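Q: I have this structure open and would like to go through it with you. Could we start with one of the helices and then move on?

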Amino acid sequence: MRGDTVVDRASLLRRVQILGALDRVALARLSAYLEARGVEQSDELCREGEPGDCMFIVVSGSFGVYALANGVEKRLTTLTSGDHFGEIALLTDEPRSATVRADTHGEVLELARDRFLQLVGSDAKVGRALATTLAKRLRAVSGHTPLRPSAAGDAHPDVPVTPPPAPAPRRTRSLLIVALGGALAAAVFATDDGPTRFILLLASALALWITAVLPRYVVSLALIAAWTVAGIATPSEALSGFSSPSWVFALSVLGLAVAVSRSGLLLRMGLLLVSRTPPSVRAQAFALMATGIALTPLVPLQLARASLLAPLALSVAETLRLPERGRAAAVIGLAAWIGAGPLSFAFLNGSPVVLLGWALLPDASRARFDWIGWLVAAAPFGALVAGGSLLALLVVLRPGEVERPALDRIGFQLQVLGSPTRAEVAVIAIIAATVALWTIGGDVGLDPAIVAMAGFACAAVATRLDARALASIDWGYLVFYAAVIGLAGIARALGVDVAVGEAIGALLTTLGIGGLAFLVVASLATAALRLALNIEQVVLVLALTLIPTASAVGVEPWTAIVVMLAASGFWAMPAQSPEYELAYSASEGRLYSHGQARLIAIAYLAVVVGAVVLVAPYWDAMGLL
Ligand code: CMP
């Protein structure tokens, strides 16, 4: 594709009526899914009565819309550059209402059904623009022939198709666990012992969190209330999570993430890196993984990174013309996933679960492992896991090499994104300043939470974050996070942590498990639990047991946490990993199969265990083992 054509398409896209409501970042994201297609005179892109699975945007050329009236084909209208067609069949889930034929040669952009429906659902303004054109089209046709009625005779073109039904919950199991949770909560009042009450309440909250019968934040709020009702903590102790620096840090880091992804910086960095990398499978896989890692401290949300990198990987695979779900496509897709998801443990602000692990550490460890302390101790481990995973991908999947294509789609996205805006530049400066202050802040008496808060405030001003954007922060998670911080504090005050540590520590000492062996056992236990629980549940349950145990067997608790975080990325059970599911679906299932991904998940776990062994001397030298 020539450069000027790319520019033409990019400026055309901004003029398309139904896309008018999208900002440039949303438009650039969408353009990853637009397939350019050349058309010859008389080509039929839609045929009345036939099924349709995509819609089109006219780039150039002229297209006639024809409908049959009493068996005679009538020309209804002409569509030219900037017009769209083929949307009705997708909205109504019915056959094409008209035939669309090219009058001249030209070009269209094709958008597949799923993406189109997602687009319509994502923004009310897009839906309204679409409804307006539909109404005009209907009016144009009403003098002629009505838009093809549905089989049932009641087509409503402006009603989107119903979303696929949600999977049925596993009822009996959930009921059993809920009953157990209730029974445990009731048992609280049968005992006067504080620690026992605490453990019973925790067990019942865990049962409710795991079954997800109630939203996570509701259980968290109930747990906080229950501590005070059961007399285990004063209201201010129970609510201390909300006023802790860790909580403010998490809130600010999540807020910064919203500002960064709003600014378009995230997308630009990914596109630039990939477009400047040689078009070979190895180099692109490396670039995608490196992009994921580089974005980690900027956007501490696995979901956000995965949703950005998966389509990018798909664009790369398509541009390299890799066969779908072939070995090479799987390497590209899984490298992007690993970079975006499981490797987040290398940064303290890598993801909400890393923050969760950090918040549960004892005060002394938390003070030692601030942002920079964490990075220094975790970077070699992270590098080993990243390098090992890339090697595992190449060894297990053995991709071949590819011919040299032009990375045109990525150029197109960059054009749509336009030149860097002031907001993007400001966000870069703010993040650089925030990270710099995290690094030196301790020396000048600045708490990382206050630095993060100031950074968030500046970024909010720079990107003009409004209340709607603020609402996109995961407040439910933050409520859960506050409950967990309170929980750790109460456990310490009651001496529960020491008791757990001593009990499990004694058992491990009897078995002769300490130091390195303890970390290996911790990583395997994490992966095993991940088969049944989601990542936050695993981190919560294991942190509460591993941290005191680590102290008891003479290992710095941070090492247990970082190893657990690395192993908790294990994605062999897709249902337990929404991040993996999202990466898979954002790549439209076209890069790798679940089978290939599971194979690599197992290889990843082996890599984590190997990396623990290899990094042990380094941690030993730091006095952590
Ligand atoms: P669809 O029914 O999917 O396929 C044929 C397309 O022709 C239809 O979507 C509309 O996009 C387009 N179309 C149908 N009727 C008209 C009209 N009166 N004016 C413009 N476009 C039309």
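Q: Which residues are buried in H19?
A: In H19, the buried residues are Arg409, Ile410, Phe412, Gln413, Leu414, Val416 and Leu417; please keep in mind that this is a predicted model.

Q: And how many of its residues is that, for helix H19 (residues 408-417)?
A: That is 7 of the 10 residues, so that the helix counts as mostly covered, where buried stands for under 20% relative accessible area.

Q: Switching to the ligand, how many residues surround it, and which are the closest?
A: The ligand is surrounded by 16 residues, and the closest of them are Gly86, Glu87, Ala89, Arg96 and Ser97.

Q: How do those shell residues divide into nonpolar, polar and charged?
A: The shell around the ligand holds 10 nonpolar residues, together with 3 polar and 3 charged ones.

Q: What does an oxygen atom of the ligand find at alanine 89?
A: A backbone N or O atom of alanine 89 lies 2.8 Å from an oxygen atom of the ligand, and for isoleucine 88 a polar backbone atom is 3.3 Å from a ligand oxygen.

Q: Where does arginine 137 come in, with its side chain or its backbone?
A: Arginine 137 comes in with its side chain, an N or O atom of which is 3.0 Å from an oxygen atom of the ligand.

Q: How much of the ligand does the protein bury?
A: The ligand taken alone exposes 450 Å², and the protein buries 98% of that area.

Q: New topic, the open sheet: what is the strand order, and is the pairing parallel or antiparallel?
A: The open sheet has 4 strands in the order E2-E7-E4-E5, and their pairing is antiparallel.

Q: Which are the edge strands?
A: Strand E2 (44-46) and strand E5 (72-79) are the edge strands, each of them pairing on one side only.

Q: By how much are neighbouring strands of this sheet turned against each other?
A: On average they are turned by 30° against each other, with direction ignored.

Q: Over how many bridges do E2 and E7 pair, and what is the bridge partner of glutamate 44?
A: E2 and strand E7 (residues 99-102) pair in the antiparallel sense over 2 bridges, and the bridge partner of glutamate 44 is arginine 101 in E7.

Note on methods: Residues numbered from 1 in each chain as written. Predicted model: local features only at pLDDT ≥ 70, side-chain atom pairs only at ≥ 80, totals over all residues. Heavy atoms only, no water. Pairing = 2+ DSSP bridges. Axes fitted to C-alpha atoms, helices over the stretch in contact; angles between N-to-C directions. Buried < 20%, exposed > 50% of the residue type's maximum accessible area, 1.4 Å probe, protein only. Near = heavy atom within 4 Å. Polar contact = N/O pair within 3.5 Å; in protein donor to acceptor, adjacent residues only side chain to side chain. Areas by Shrake-Rupley, 256 points an atom, 1.4 Å probe, with all protein chains shown as cover. Nonpolar A, V, L, I, M, F, W, Y, C, P; charged D, E, K, R; others polar.
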